[in-house]
Amino acid sequence: MAEKGRVVGYGLAILGIYGVAAILLVSRFVGESSIDPFKWWLGGGLHLPPRSPTDLFLVSSFIAYTLAFAGLVLLSIGKSKLGILMGLYGLLAPLLPGIAAWAASRYPQAGALLEAAKPLTPYYPSTPLMALGLGLSASTNPVIGVPLLLYALYDALWDMLGLPAPTSISLSIAGYNTTVYEALLYYTGSALVIHLALVLRKHREHEATMEPQAPIRVPGSAEPRPVAEAYVRPHMARREDVAHSTVAVSPPTREEAGADERREECSSVRLSEFAKNRREVVEKCLVGREIHGYVVEEFIGSGGFGVVLRAHAREDPGDKAAIKLLVPIPVGSGAGGTTSSRLVRDVLMVARDLEREALSLRELSEKSPYVVRLKAIHIDSERLAKAVRTDSFEIYMVSPPAIIMEYLGGGSLSKLLEEAKRLHLARPDNRDWVRVVAALGAVIAKALAHVHGSGYVHGDLKPENILFTTRPAANPRLLASAFYEALLRPEQAKTVPKLSDLGAAVRIGSPVMQLTPGYAAPELEAYDLVCNELGKRNSPICSKAPVAEPSQDVYSLGIILLQLLAGLEHRQVITLKHKLMCRLDEQRGLVCDTSKIERMLRDAPSQLRLLLGKMLSDNPRERPDASRVAACLACLAGNEPRKWSTCNEKCSNT
């Protein structure tokens, strides 16, 4: 709702500012040079209906002025409290002189105060424009707001400084005569239009990808490649699925309006088109179709090789699921010099790994309340290889490679962090927030302990892969209690954090297939940077490609806890890791100094600083196992700050 309000706000502000500029232009041509839409109330009362051209200008000025400031209020929602205040001030500014006069007539003290403020009254009419400039600077971009603010200051002070009146300064642009004021308003309106276009474009890109995905590289290869990245929006399911098997896709449901026409349209779609225009193809060809017993309802998100769809069981519309389809890049459509054989090999590698591990991963997900449950994995790698080689969407859709998961409804940890930053909650000195981080970390550490105990490494732990059953509360005290309840009694808890994307999981000791920069362990990123990106194959660290180990997940969890405590964005995590904490040595890899964390988190409890220092060590042997991490964090989450000292032993034994 906040985003929609901002877009409407942009529209109103643009209409208002262009309206003001148009009124100035018309009034100048008809000789009404005294009209200034930002000082319309100085021209006397509004007469409705207008009885003269001046009345018409005053009414038009009132409308344009109100649109501009109402727009400022709306486009500041969720962005700037200062912008909202400035917008409200602008809306009230014309009323304040009348209110002040009424107060002075009734209350002597107010009259005395008004008398004392009389020297400032010549400057007051310029303050609404100042407010607009300041509000736009705070809510959109200083490039838009600062020129208005500077003009308003000049408008207030020109007489005192002995400078020419601002409205008397004229310009000639491409043979067109105008005033500085009008040119400034046209500039502001145009800048807002451009800014709105950029905001809408960014919003569309965000919808298409759901979450920004960092580049993923494959240790042991010279080029970065995409992999089956599973961003799954939170969903909840209510029944068990059928056993793992390959199931054909039924034709679109007859109930869908225009189903026959849509099938005809989709008959010409190629797999390469699906890879490039995922959302469009899903909405045109997949919504309403049945995939492995589930009817697709809508597109949720996209990332790497995958798209995620919301669906319901054919026999039970109330049984929701998230379907992640593996969407390969067909032969001949690759970019950046990637060979056809490499594309096919990479796609089949991901598919065959999932096919081989399908039953084990499903069993793994069912045995922990903190892991997103896999209902089924359907892979037909031979058919997929044929579809990739022939660029056939029809062959692909006979049995699309799919992971079917429970559907959660509470969003991802990245969304929670975004909200916490907006509310200024994510601070190491906020004890309630520290307990939120500890409780959440304890739950995820328990999930990792379960994954590791089953012989797997998650391999791609990051905020986008931590989901919630219901939307988390905004109040950190309530949120800490909710997460701690999930830690103790997950079956009864309302909001349970869950670890998602087991599609990235590999057996302990297997080659590492993917990583996300910033969250990956130093030994993985060092190999990627030195051996792949820099091509220093003769370096000692390139003699053996790293394999999957549980300590790598522990490191990733440590980075997430640090990110939550400090309120960092992903790009800031990468900067922190590579410029402050670690340095790249081509012989030794990434050499990290965790003592920097002490200074960064000096307001956090010492027990948590000590734990993070060990989790983020560049030596995998020094990192504690996930169960010990869970024990320390559970102790911090379950005690009031004054009793955190009782956790010293559990946290030091990690």
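## Disulfides and ring pairs: a tour

Select Cys266 and Cys285: a disulfide joins them, S to S 2.1 Å. This is a predicted model. The torsion about the S-S bond of Cys266 and Cys285 is about -100°, so this disulfide is left-handed. It links distant parts of the chain, with Cys266 in helix H9 (residues 259–266) and Cys285 in helix H11 (residues 278–286), 19 residues apart. Cys266 is buried at a relative accessible area of 9%, and Cys285 is buried at 1%.

Next, select Cys531 and Cys542, a disulfide with its sulfur atoms 1.9 Å apart. Its S-S torsion is about -100°, so it is left-handed. Cys531 belongs to helix H18 (residues 522–533), while Cys542 sits in the loop between H18 and helix H19 (550–566).

Move to Cys582 and Cys592, whose sulfur atoms are 2.0 Å apart in a disulfide. Here the torsion is about 105°, so the disulfide is right-handed. Cys582 lies in strand E13 (residues 582–585) and Cys592 in strand E14 (residues 589–592). The structure holds 5 disulfides; with the bonded cysteines numbered in sequence order, the pairing is 1-2, 3-4, 5-6, 7-10, 8-9.

Now turn to the aromatic rings, which form 14 pairs. Select Trp40 and Tyr65: the ring centres are 6.0 Å apart and the planes at 75°, so the pair is edge-to-face. Trp40 lies in the loop between helix H1 (2–29) and helix H2 (53–76) and Tyr65 in helix H2, so the pair ties together parts 25 residues apart in sequence. Both Trp40 and Tyr65 are buried.

Methods
Residues numbered from 1 in each chain as written. Predicted model: local features only at pLDDT ≥ 70, side-chain atom pairs only at ≥ 80, totals over all residues. Heavy atoms only, no water. Phe/Tyr/Trp six-rings, centres within 6.5 Å; stacked < 30°, edge-to-face > 60°. Helix = DSSP H or I, 4+ residues; strand = E, 2+ residues; numbered from the N terminus. Buried < 20%, exposed > 50% of the residue type's maximum accessible area, 1.4 Å probe, protein only. Disulfide = S-S within 2.5 Å.
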